[in-house]
Amino acid sequence: MYRTLMILAALAAGPLPADERIERLMETPWRLAAGDGAQARGVPILRVGNDPSCDFTASTATNGLQQAIDAAAGDANGGAETEIRLANTGQYANRRFFINDLADQTLRLVGGFVNCGSATPGGARTVLDRGTAPWGPVLLIDAVAGLENVFLENLELRGGDGSAGGGIEIRNNNFVIATDVHTTQNSASSGGGIAVSDSSDGTQTLLWLLGDSDVT
């Protein structure tokens, strides 16, 4: 559904970014390159799941995805891009997840890997389900001081319940590009599936939904 859908939500003052910046943000090199595109670009890769090849274990007892996000915030790459790959061997239910909670960071969060040894996504979307976790959105992308980019790919977010954004809440000064991201069965007072918030301080908050992304 919505195969070539592009929704642009810009809720702030100031000019749109330069065309070349938009083009760079929309790149998905791992789809275009043979083999492992992220490694070819020199981007650090963290693998999350529940098999021997994973860097972080996602299970009923361990929140490997949040551990990977926190590690990316403090790794040697600093605010530059880190890619986190989610294998469907992991368990991502009864959790909430927070980006930019510890430090401003550029992050690529890619689901759909059959296991942590896979170089490219080849399975179903990875499901992030709030379930019995505390009240709030499944994924909170917190406000940042300087402009940050967040890429979300091959994910399904469900079961969130918040005041703003049940599936995803995007706060000030983030550029978010979601490709093949499905948000469903979420609720909130404002933005049941996705909410884009901005503090009207002259910076921009931007969301693009691409590919088979949808909100139901």
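The paragraphs below go from the confidence of the model to a few of its local features.

This is a predicted model, in which local features need a pLDDT of at least 70 and side-chain atom pairs count only at pLDDT 80 or more, while totals for chains, interfaces and linings use all residues. Residues are numbered from 1 along each chain as its sequence is written, and side-chain values use heavy atoms, with hydrogens and water left out.

The mean pLDDT (the predictor's confidence in each residue, from 0 to 100) is 83 for the protein, and 80% of its residues reach 70 or more. Residues 1-22 have a pLDDT below 50, although this stretch has 52 contacts (heavy atoms within 4.5 Å) in the model beyond near neighbours in sequence. Residues 24-35 also have a pLDDT below 50, with 26 contacts counted beyond near neighbours in sequence. Where pLDDT is low, the predicted coordinates should not be read in detail.

Among the strands (DSSP runs of E, at least two residues, numbered from the N terminus), S7 covers residues 126-129 and pairs in the parallel sense with S9, residues 148-158, over four bridges; pairing requires that DSSP finds at least two bridges between two strands. Within this pair, Thr-126 stands opposite Leu-155 of S9.

Elsewhere, the charged end of Arg-108 sits over the ring of Phe-151, 4.0 Å from its centre, where the rule asks for NZ of Lys or CZ of Arg within 6 Å of the ring centre and within 35 degrees of the ring normal.

Gly-211 lies in the loop between strand S15 (206-210) and strand S16 (214-215), and its C-alpha atom is separated by 5.4 Å from that of Thr-179, 32 residues apart along the chain.
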